[in-house]
Amino acid sequence: MLDQPTRTAKPSPGASAAEDAPKIASGEINAQSQETDGFQLVIDALKLNGIDTIFGLPGIPITDLTRKLQAAGLRVISFRHEQNAGYAASIAGFMTQKPGICLTVSAPGFMNGLAALANATTNCFPMILISGSSEREIVDLQQGDYEEMDQLAIARPHAKAAFRVLHAEDIGVGVARAIRAALSGRPGGVYLDLPAKLFPQTMDAEAGRQSLIKVVDPAPRQIPAPDAVKRALDLLKGAKRPLIILGKGAAYAQADADIRALVEKTSIPYLPMAMAKGLLPDTHEQSAAAARSYVLPEADVVLVIGARLNWLLSHGKGKTWGANSAKDWGGQKFIQIDISPQEADSNVRIDAPVVGDIGSCVSAMLGAISATAGSWPTPPAEWLDAIAQRKTKNIAKMGESLAKNPTPMNFHSALNVVRDIVKANPDAILVNEGANALDFTRSIVDMYKPRKRLDVGTWGVMGSGMGFSVAAAVVSGEQVIAVEGDSAFGFSGMECETICRYNLPVCVVILNNNGVYRGDEVNTTGGRDPSPLVFVKGARYEKLMEAFGGVGVMASTPAELRNAMEEAIRSRKPTLINAVIDEKAGTESGRITSLNPAAKKKP
Ligand code: FYN
Ligand code: ADP
């Protein structure tokens, strides 16, 4: 390194390496006379890699870091509970293909964030949980430090990768490894442990700058083998009753045009999983969503794109797939496009695995189809007609339910309004959690664009709604409509303060039926406690948003709900609409009642 002329200029206080670079280049600042520290190196490493937003909750030992991050120009979105900050970071990763960053304090704060980290790993969302931690020497001797915990060991089973940095000169590598681990291959949650002693460590500024790594191509394309593509297309071409299943991996891949082209060029019916809705508009004529329980058992070749044959798809076997017993395979042949080679055969045999990133795989399939002589054979008319008939029947049945206007409202009459509002605002982002509130919204509210439906995902997690809403609004700037069960909202409702503090365009619609599943359960003992499954009747949730300066509305009719939602979207003010739903409406666990272990019937 060339010797820099000695200068007396002091580095700009709090400036990042990027901001000082031109001054160093011009010689205005003599890098060699500078020192940097752990705080600055963490900030520089994140900024160098394009991270511009942090979701977290300040406290020992990261309070100063949050101030410095903000002073360095990053957005620091401060939550009321780390779990919500973590959910926010994870969905920001899903939406942007950049790792969402969650920053927490040690021990209890880390544990709160860990739930979201585990959920991110389960859902293949790229996020990095950065937590301050106690000193190794005290933790390892169990000498009782403030918030003592071996966080790295606890994180490891729930993360795709986990790293700890002890020396300032290793911060660049630590951040780079965390970013690459979160984004490469199957995305997931990564833990980065930064002990308190790391932050005040100082080192030569130029050496510090040299230690930083700007990650090159963190999510490299993974091109499928041509023979794998050929095997898949040969199988698909010969199908009499082909079906395509699109999962949230297909949404995450952001290969929207090619995915739509593959569906339309082959004319194959498709079934979108919940967070893949909108990759093609739900009103698309090839959508088989309204014929789900017909197409799954009847299809003879199923092309699975960015979805897992896990519990959400009945593990590819059992009655859902036309088998005679829960363990049986239904006879279908499966093609699976996935970036994870180990996903194939996880539940049932995959006859044609296509390993690679979805963008490259779908592009290769389209290329092979175009290169093949003759056009792709349209699926047999009897298959398409049968699906159309089932769709017509189910849509008519749904239409009858939606046309009713009972008092009090039920899920259908309230969601009929939401359905219209989302159709009129296709760029709005729909966040959805609950049991009945989730299941009814999934089938009633059509989505029209990709990555606009953010919900409970693979784990069916409750409590993600407000974190998702904050991140969706911060990341996209779009209007957010959060359709919440009253139980689900209860997990993260305090974040209404966060929503108001940042004045976010979030309209929360609580479908309030006074209970976890419904509100009319009673304590069968006649004792003084209510049933464990009910809430305060007529709870005024809207007052919570009003308490922080937002808009609260109680809506008892579809017209009141419609007006309130339209006003929320017009004003873009933080709004909570308490939609009063018949407390007798709803079934236990919604459409997954079968997962409840049935108590043995008494003889
Ligand atoms: C779907 N359907 C429709 C439409 N869309 N009918 C008319 N119009 C439209 N637009 C029909 C569809 O064909 C099904 O009828 C039915 O509605 C339900 O469709 P859905 O929801 O897609 O299918 P199903 O069977 O519920 O899917 C199984 C599942 C899903 C496990 C994938 O239930 C799910 O994702 N559940 C998540 C549960 C969860 O995580 N809950 C959070 C924790 S709850 P048929 O074809 O006639 O069957 C804690 O208690
Ligand atoms: P869903 O719940 O919608 O069915 P899952 O989360 O079960 O979807 O499955 C998503 C799948 O997509 C995972 O197996 C994951 O490995 C895969 N995946 C995620 N991103 C990509 C990508 N860019 N390319 C290929 N596969 C991907």
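The model is a predicted one.

Start with ligand 2. Its shell holds 20 residues. Among these, R186, K248, R308, D338 and I358 come nearest. Sorted by class, the shell has 9 nonpolar residues, 6 polar ones and 5 charged ones. Look next at helix α11, which spans residues 248-252. This helix gives the most to the shell, with 3 residues.

For R186, an N or O atom of the side chain is 2.7 Å from an oxygen atom of ligand 2. For R308, the corresponding distance from a side-chain N or O atom to an oxygen atom of ligand 2 is 2.8 Å. I339 takes part through its backbone instead. There, an N or O atom lies 3.1 Å from a nitrogen atom of ligand 2. How much of the ligand does the protein cover? On its own, ligand 2 has 580 Å² of accessible area, and the protein covers 96% of that.

Finally, move along the chain to S464. This residue sits in a loop. Is S464 buried or exposed? S464 counts as buried because its relative accessibility is 1%, and the cut-off for buried is under 20%. Which residues does S464 touch, leaving out those up to four places away in sequence? They are Y87 and E433.

How values were computed
Residues are numbered from 1 along each chain as its sequence is written. Chains are lettered from A and ligands numbered from 1 in the order in which they are written. This is a predicted model: local features need pLDDT of at least 70, side-chain atom pairs count only at pLDDT 80 or more; totals for chains, interfaces and linings use all residues. Side-chain values use heavy atoms; hydrogens and water are left out. A residue is near a molecule or strand if one of its heavy atoms lies within 4 Å of it. A polar contact is a pair of N or O atoms within 3.5 Å; within protein, one must be able to donate a hydrogen and the other to accept it, and residues adjacent in sequence count only if both atoms are side-chain atoms. Accessible areas come from the Shrake-Rupley method with a 1.4 Å probe; for residues, only the protein chains shown count as cover. Helices (H or I, at least four residues) and strands (E, at least two) are DSSP runs, numbered from the N terminus. Ala, Val, Leu, Ile, Met, Phe, Trp, Tyr, Cys and Pro count as nonpolar, Asp, Glu, Lys and Arg as charged, and the others, Gly among them, as polar. Buried means under 20% relative accessible area, exposed over 50%, partly exposed in between (1.4 Å probe, protein chains only). Contact means heavy atoms within 4.5 Å.
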